[in-house]
Amino acid sequence: MASDLERAKAGDSEALADLVHEHYDAVHRFCALRVGPDLAPDAAQETFLTACRKLRTYRGDGRLTTWLFGIANNHCRNLARKRRMNTLEWLDPAVTDSAARRTPSPDSEAAIDRELLRSALRSLSAEYRDVVLLKEVEGLTYDEVGAVLGIPAGTVKSRLHHAYRQLRAALLGEETDR
Amino acid sequence: MSIRDDLKAYVDGELPPARQVEVEAALAADPELNREALFLKELAREIRALAPEFESSGREAAARRVRLEARPDPGPGRVWLRRLAFGTGFVFALIGFAAVGAGLLNTIGNRGLDHAAGAYPAAEGPGRGIPETESDAGAAQMMAPAEFDLRKSADGLGGPPAPAGMPGDRPDSVAPDVGGRASGLVVKNGEIRLRVESARSALERANAIATGAGGFVQRSSLSGMEGGLPTATITMRVPASRFEATMTRLGELGQVVSVDVTGEDVTKQVADIDARIKVLRAEEESYISMLRAATKVGELLEIRERLGAVRQEVESMTAVVKALRDQASLSTITAALEQRVAVGEPQPDRDWASRVWASAVNGLVLVLRGLASVAIFVAVFAPIWVPVGLAVWWWRRRRTS
């Protein structure tokens, strides 16, 4: 893998294409969650073009996927801003119902109302929602979330804490200071 | 920090071991806290479950485009080198501009300083060595100090270059024969302005130069010893044959700021007067002969009266010729010696505070005037920028809506 990366850094077009094949699914899903499935291929393609151009700046001190997510996050944010689009389509009931779901945990389904949870996630600020999605949906560590968003891990921890307090309050009908 | 603040990080396994032990102990002791931790875990699971799976598409297109278009940018090393090269070029360009600007300012500054002082005649070629006419002699040409070679220029006024330490002395006040032209009498005047380390010692040395050249000091003064930088002025008369050498030696006293040399050819004037004197003397001889031959008292008185008038005129003209020869034989040099400010010794100035105050107030007035000018321009150009601004505002508003 290291040698493939080195070849890609040297400009080997086949190595660059292999890199796309290896990480495309993760990046595409990341983009689809942020700009929707229609724009996701374009966003993913732009992400890989940028990544391949800037590959020499990747120092290898983190997972390559995390580095790609950082680029994809910027592209998706710019795209959403240009299109002035609703970036939370998948949280809308119609979209979620029609999309293929993961199998939910049997005990949690009974405990948490999903409609309420969708609503609570939509009501979170973008800062909080980003860290929640990167942590829970992408399964990144705090350090990796910080690397994607360009913030320290301590800030990630703090934002997650406050985001979950707000979600809990929304789900259980508690009062909370935002 | 309370245990609850770290509960989410504990659930995510992001706490350091010591803190993790503390949280676990708290969880074991507090069933409510335990329930909260379980809720956080369930909530995370539910969020993961909410995220839909999307069918991946566009992989091949992305790989194809990357294969065709993507070329990694130069590495950080090369970027660094490029930036270094660009930065170096930029710095050199700045230095170049600064040097050109400083040169211009220096030239303008010196011209400003010396605008009233005249300048050293640019003596180039044999024909320009001696002013041809009075108007030529009076004409002065400016020359920047940086371009000025005192020894060369002084020699250019008349005669061959003088070697250093061997001033270009000439046997008499008569200007040399230049280009086969008849030699003449030239009245030379020189003014030199210098910046020196010490005005007092430079004045003493200038005195010595004057006497050493066989001349004398006509006037000297030293001023500004209290409250300002000392300035000395010395006017000396030196033999015309030592004029150039004296100017050169004076120039060695410090940094030459400006030099002004004028030369007036009085040869023709002297020759005219000499001719008239010759005629008058002949007339005088004639009257003397007539006086000897006269027999009547009336004739005697008339001839003596005319003889007296002729003699008076001859005396007057002889005095003029003598004065001109004297001026030509002794040149006048005036040297202004300004003491420069030494490094680490601020110029003594008792009135600096009021000057700084005035300068600051004037600066403020200038700034306010500049702002007012900008405001006036903005207002006057309103017919141009207001419609553009409104159009942009309308367009942005339309896009937003």
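This is a predicted model: local features need pLDDT of at least 70, side-chain atom pairs count only at pLDDT 80 or more; totals for chains, interfaces and linings use all residues.
**View 1. The interface between chain B and chain A.** In this interface, 49 residues of chain B are in contact with 59 residues of chain A. About 5,000 Å² is buried between the two chains, with carbon and sulfur atoms giving 61% of that area. Glu46(B), Leu50(B) and Phe54(B) together supply 15% of the area that chain B buries against chain A, more than any other three residues.

**View 2. Polar and charged pairs across the interface of chain B and chain A.** Eight salt bridges are found across this interface. In the pair formed by Arg67(B) and Glu14(A), the side chains meet in a salt bridge at 3.0 Å, N to O. Residue pairs in polar contact between chain B and chain A number 15, counted where both residues are at pLDDT 80 or more. On the side of chain B that touches chain A, the elements giving two or more residues are helices H1 (7-11), H3 (31-50), H4 (59-69), H5 (76-113) and H13 (382-400) of chain B. H3(B) gives the largest share of this side, 13 residues. Sorted by class, the side of chain B that touches chain A comprises 21 nonpolar, five polar and 23 charged residues.

**View 3. The crossing of H10(A) and H3(B).** The axes of these two helices come within 11 Å and cross at roughly 95°. H10(A) and H3(B) are therefore roughly perpendicular to each other. From H10(A), the residues taking part are Tyr164(A), Leu167(A), Arg168(A), Leu171(A) and Leu172(A), which meet Glu32(B), Glu36(B), Phe39(B), Leu40(B), Leu43(B), Ala44(B) and Ile47(B) in H3(B). This contact has nine nonpolar and three charged residues, and no polar ones.

**View 4. The packing of H8(A) against H10(A).** Within chain A, H8(A) and H10(A) pack at an angle of about 100°, and their axes are 9 Å apart. This angle makes H8(A) roughly perpendicular to H10(A). On the H8(A) side the contact involves Glu127(A), Tyr128(A), Val131(A), Val132(A), Lys135(A) and Glu136(A). Their partners in H10(A) are Val156(A), Arg159(A), Leu160(A), His162(A), Ala163(A), Tyr164(A) and Gln166(A). By class, seven residues of the contact are nonpolar, two polar and four charged.

**View 5. The packing of H9(A) against H10(A).** Helix H9 (residues 142-149) and helix H10 (residues 153-172) of chain A pack at about 100°, with 8 Å between their axes. Tyr142(A), Asp143(A), Val145(A) and Gly146(A) in H9(A) meet Ala153(A), Val156(A), Lys157(A) and Leu160(A) in H10(A). The contact of H9(A) with H10(A) is made up of five nonpolar, one polar and two charged residues.

**View 6. The salt bridge of Glu138(A) with Arg29(A).** Over all chains, the count comes to 28 salt bridges. In the one formed by Glu138(A) and Arg29(A), the closest N and O atoms are 3.8 Å apart. Glu138(A) lies in the loop between helix H8 (126-137) and H9 of chain A, whereas Arg29(A) belongs to helix H2 (residues 13-35) of chain A, so the pair ties together parts that are 109 residues apart in sequence.

Technical notes: Residues are numbered from 1 along each chain as its sequence is written. Chains are lettered from A and ligands numbered from 1 in the order in which they are written. Side-chain values use heavy atoms; hydrogens and water are left out. Contact means heavy atoms within 4.5 Å. Buried area is the accessible area (1.4 Å probe) that two parts lose on being put together, summed over both. A salt bridge is a side-chain nitrogen of Lys or Arg within 4 Å of a carboxyl oxygen of Asp or Glu. A polar contact is a pair of N or O atoms within 3.5 Å; within protein, one must be able to donate a hydrogen and the other to accept it, and residues adjacent in sequence count only if both atoms are side-chain atoms. Helices (H or I, at least four residues) and strands (E, at least two) are DSSP runs, numbered from the N terminus. Ala, Val, Leu, Ile, Met, Phe, Trp, Tyr, Cys and Pro count as nonpolar, Asp, Glu, Lys and Arg as charged, and the others, Gly among them, as polar. Axes are lines fitted to C-alpha atoms, for helices over the stretch in contact, and angles run from 0 to 180 degrees between N-to-C directions. Angles under 35 degrees count as roughly parallel, over 145 as roughly antiparallel, 65 to 115 as roughly perpendicular and the rest as oblique.
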